[in-house]
Amino acid sequence: MKGRRIYNRIPLLRQERGLSRKKLAEIIGVNFQTVGYLEREQYNPSLDLALRICEYFELPVEQVFGIEPLPPLSAMLSPKRTDDNRP
Amino acid sequence: MGHLYRNRRRGLIFLNLLFLLLMNVCFHLVHARFELTRMVDALGLLCLLFVVLTFFPLHMRTGLWKLTHTGSDALDERQIQITHNALRLAYGWFTVIVLLILLVHAVYREVFALSFLITVPMVSSLIYLAHILPGTILAWTELEVPGESS
């Protein structure tokens with residue numbers, strides 16, 4: 001059975017911490033090519049691997065993984081601008 | 001980049017299996033027609049050389065031999081998943097190939113009263129095939145293999 005696509009923010013979080021794929025792979029205990037597959041969303045991690053990734057980035061699972069395309073982090077940080085709150 | 005690597009691997013698979021088949025045809029003819037022995041023997045050996053020459057870039061340099069011959073303790077969850085799938089498919093293909101050879105052997109003897117010899121090169125080829133089939137399936141299907149990174 002082919003599972004549904006799981007979206008993630010791994011490339012963004014990895015680049016933010018200045019890590020190479022090889023280094024991240026060593027930290028989470030997988031082959032570096034597996035990190036590539038995860039980043040391209042061509043492989044859905046097991047619960048154990050997903051939790052290890054979240055543990056390393058110190059973020060809750062829902063901020064790293066999602067079943068729908070994840071919004072950019074900037075959209076989450078700044079309040080939504082509407083015509084009402086414009087000066 | 002992954003597609004280019006995979007296309008190259010697919011070309012090597014085709015050549016590797018083609019030369020393996022030609023080698024078996026040559027050595028089979030050696031047994032069947034003795035007057036062709038020297039020439040066909042030489043052709044068979046040449047095919048064997050090409051099998052070896054295509055085996056190294058396809059299975060050793062790509063790391064596929066190691067991947068399919070390593071215990072699951074040394075692999076990560078994705079590698080276990082893809083090798084498991086490749087081994088499952090290889091088991092099916094290998095069974096069909098061996099049973100077809102046995103069927104041809106039986107039909108030759110029972111129906112045509114001819115002898116279809118199961119020769120040493122044929123058995124050696126089957127042992128070789130049993131070891132390379134999982135790696136061949138991975139080389140055919142995967143975009144990235146251990147020895148390559150795109």
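This is a predicted model: local features need pLDDT of at least 70, side-chain atom pairs count only at pLDDT 80 or more; totals for chains, interfaces and linings use all residues.

User: How many residues of H3(A) are buried, and which are they?

Analyst: Seven of the eight residues in H3(A) are buried. They are Gln33(A), Thr34(A), Val35(A), Gly36(A), Tyr37(A), Leu38(A) and Glu39(A).

User: What happens at the ends of H3(A)?

Analyst: At a helix end, look at side chains and backbone angles. Asn31(A) caps the N-terminal end of H3(A). One of its side-chain oxygens lies 2.8 Å from the backbone nitrogen of Gln33(A). After H3(A) comes Glu41(A), with a positive phi near 60°.

User: Now the interface. How much area do chain A and chain B bury between them?

Analyst: Interface size is often given as the accessible area lost when the parts come together. Here chain A and chain B bury about 1100 Å² between them. Carbon and sulfur atoms carry 39% of that area. On the chain A side, Gln33(A), Tyr37(A) and Tyr43(A) supply 55% of what chain A buries against chain B, more than any other three residues. Gln33(A) and Tyr37(A) are also among the buried residues of H3(A).

User: How many residues does each chain bring to the contact?

Analyst: Chain A brings 13 residues and chain B brings 12.

User: Which polar links cross the interface of chain A and chain B?

Analyst: Count salt bridges and polar contacts separately. The rule finds one salt bridge across this interface. It joins the side chains of Arg40(A) and Glu144(B), at 3.5 Å from N to O. Polar contact links nine residue pairs between chain A and chain B, both partners at pLDDT 80 or more.

User: How is chain B built?

Analyst: List the elements, then the contacts. Chain B has five helices and zero strands. Of its 150 residues, 37% are buried. Among contacts in chain B with a separation of 6 or more, 76% join residues 24 or more positions apart.

User: Where is confidence lowest and highest in chain A?

Analyst: Chain A has a mean pLDDT of 87, and 89% of its residues reach 70 or more. Confidence is lowest in helix H6 (residues 73-77), at a mean of 75. The highest is in helix H4 (residues 47-57) of chain A, at 96.

Terms used. Residues are numbered from 1 along each chain as its sequence is written. Chains are lettered from A and ligands numbered from 1 in the order in which they are written. Side-chain values use heavy atoms; hydrogens and water are left out. pLDDT is the predictor's confidence in each residue, from 0 to 100. Helices (H or I, at least four residues) and strands (E, at least two) are DSSP runs, numbered from the N terminus. Contact means heavy atoms within 4.5 Å. Buried area is the accessible area (1.4 Å probe) that two parts lose on being put together, summed over both. A salt bridge is a side-chain nitrogen of Lys or Arg within 4 Å of a carboxyl oxygen of Asp or Glu. A polar contact is a pair of N or O atoms within 3.5 Å; within protein, one must be able to donate a hydrogen and the other to accept it, and residues adjacent in sequence count only if both atoms are side-chain atoms. Buried means under 20% relative accessible area, exposed over 50%, partly exposed in between (1.4 Å probe, protein chains only).
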